[in-house]
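Trainee: Please pick one part of this model and go through it closely. I would like the contacts around it, with the cut-offs behind each term.

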Amino acid sequence: MSNNQPVDKERRVWMIACGAAGGVAAAATGGAFLTSMAPSERAKAAGAPVELDISGMQPGDMKTVEWRGKPVWVVRRDPEMLEALPELNDQLADPNSERSPDQLTPEYARNIHRSIKPEYLVAVGICSHLGCSPSARFEPGPQPSLPDDWQGGFFCPCHGSTFDLAGRVYAGKPAPDNLEVPPHKYLSDTRLLIGVDENNA
């Protein structure tokens with residue numbers, strides 16, 4: 001073949017266009033394939049850490065987020081709530097969180113307030129009896145289904161288990177254990193990350 005033959009410019013344009021279109025189609029197919037291999041948003045949400053903005057929380061406020069399909073409560077306690085905690089020890093089944101600490105209470109939460117920062121409780125809102133979700137009853141004093149000396153906490157209406165404002169279960173109730181404290185850490189004074197801590201970051 002002679003090198004002096006004229007170049008078919010129209011054919012060259014079509015070949016370049018077809019090559020470019022094929023490249024785009026291959027990239028799109030590869031991207032779709034890789035996307036199909038990735039876990040779904042639902043699956044990622046089920047186990048992924050959850051970041052929460054706590055900047056606007058006032059004492060007595062509670063926020064609920066979902067982590068691994070469970071409700072996680074974040075409660076900002078006021079000084080009066082914290083002062084009442086040691087006074088309840090003799091009424092509680094496990095005041096020092098000694099039962100199943102590796103499953104229920106990380107080392108950094110094995111204290112009287114069961115938290116990293118005293119004013120914030122982070123707890124899984126599932127009763128340790130049969131998996132019901134207790135309701136918040138922060139107001140102290142006599143109330144239906146609660147003792148007259150109630151100091152505030154959580155009440156499970158299913159079978160009457162009660163928990164104090166550190167998630168510790170009262171003695172003589174159906175629930176055998178305190179509420180779980182999930183792994184968590186503070187990214188800043190206003191950002192909380194639930195699902196990981198310094199040990200599994």
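Mentor: Asp53 has a relative accessibility of 31%, so it counts as partly exposed (buried is under 20% relative accessible area, exposed over 50%, partly exposed in between, with a 1.4 Å probe and protein chains only). This is a predicted model, in which local features need a pLDDT of at least 70 and side-chain atom pairs count only at 80 or more, while totals for chains, interfaces and linings use all residues. Residues are numbered from 1 along each chain as its sequence is written, and side-chain values use heavy atoms, leaving out hydrogens and water.

Asp53 makes a salt bridge with Arg191, with 3.6 Å between the closest N and O atoms (a salt bridge is a side-chain nitrogen of Lys or Arg within 4 Å of a carboxyl oxygen of Asp or Glu). Helices (H or I, at least four residues) and strands (E, at least two) are DSSP runs numbered from the N terminus. Arg191 is partly exposed as well, at 27% relative accessible area. Glu51 joins Asp53 and Arg191 in a network of salt bridges. The salt-bridge count comes to 6.

E1 and E9 also belong to one sheet: 3 strands, ordered E1-E9-E8, form an open sheet with antiparallel pairing. E1 and E8 each have a single partner strand and stand at the edges, so one side of each lacks a neighbour in the sheet. From one strand to the next, the twist averages 20° (axes are lines fitted to C-alpha atoms, for helices over the stretch in contact, and angles run from 0 to 180 degrees between N-to-C directions). Two strands pair if DSSP finds at least two bridges between them; E8 and E9, running antiparallel, are joined by 3. Opposite Leu192 in E9 stands Tyr186.

The charged end of Lys117 sits over the Tyr186 ring, 4.5 Å from its centre (NZ of Lys or CZ of Arg within 6 Å of the ring centre and within 35 degrees of the ring normal). Lys117 also forms a salt bridge with Asp189, the closest N and O atoms being 3.5 Å apart. Here Asp189 is in the loop between strand E8 (184-186) and E9, and Lys117 in the loop between helix H4 (101-104) and strand E4 (120-124), 72 residues apart. Asp189 is exposed at 63%, whereas Lys117 is partly exposed at 21%.

Next come the aromatic pairs, of which the count is 4. Tyr120 and Tyr186 form a tilted one, at 6.3 Å centre to centre and 50° between the planes. Tyr120 lies in strand E4 and Tyr186 in strand E8, so the pair ties together parts 66 residues apart in sequence. Rings of Phe, Tyr and Trp (its six-membered ring) pair if their centres lie within 6.5 Å; planes under 30 degrees apart are stacked, over 60 edge-to-face, the rest tilted. Tyr120 is buried at 7% relative accessibility, and Tyr186 is buried at 15%.

As for confidence, pLDDT is the predictor's confidence in each residue, from 0 to 100. The protein averages 84, and 78% of the residues score at least 70. Among its elements, E4 has the highest mean pLDDT (97) and helix H2 (residues 41-47) the lowest (56).
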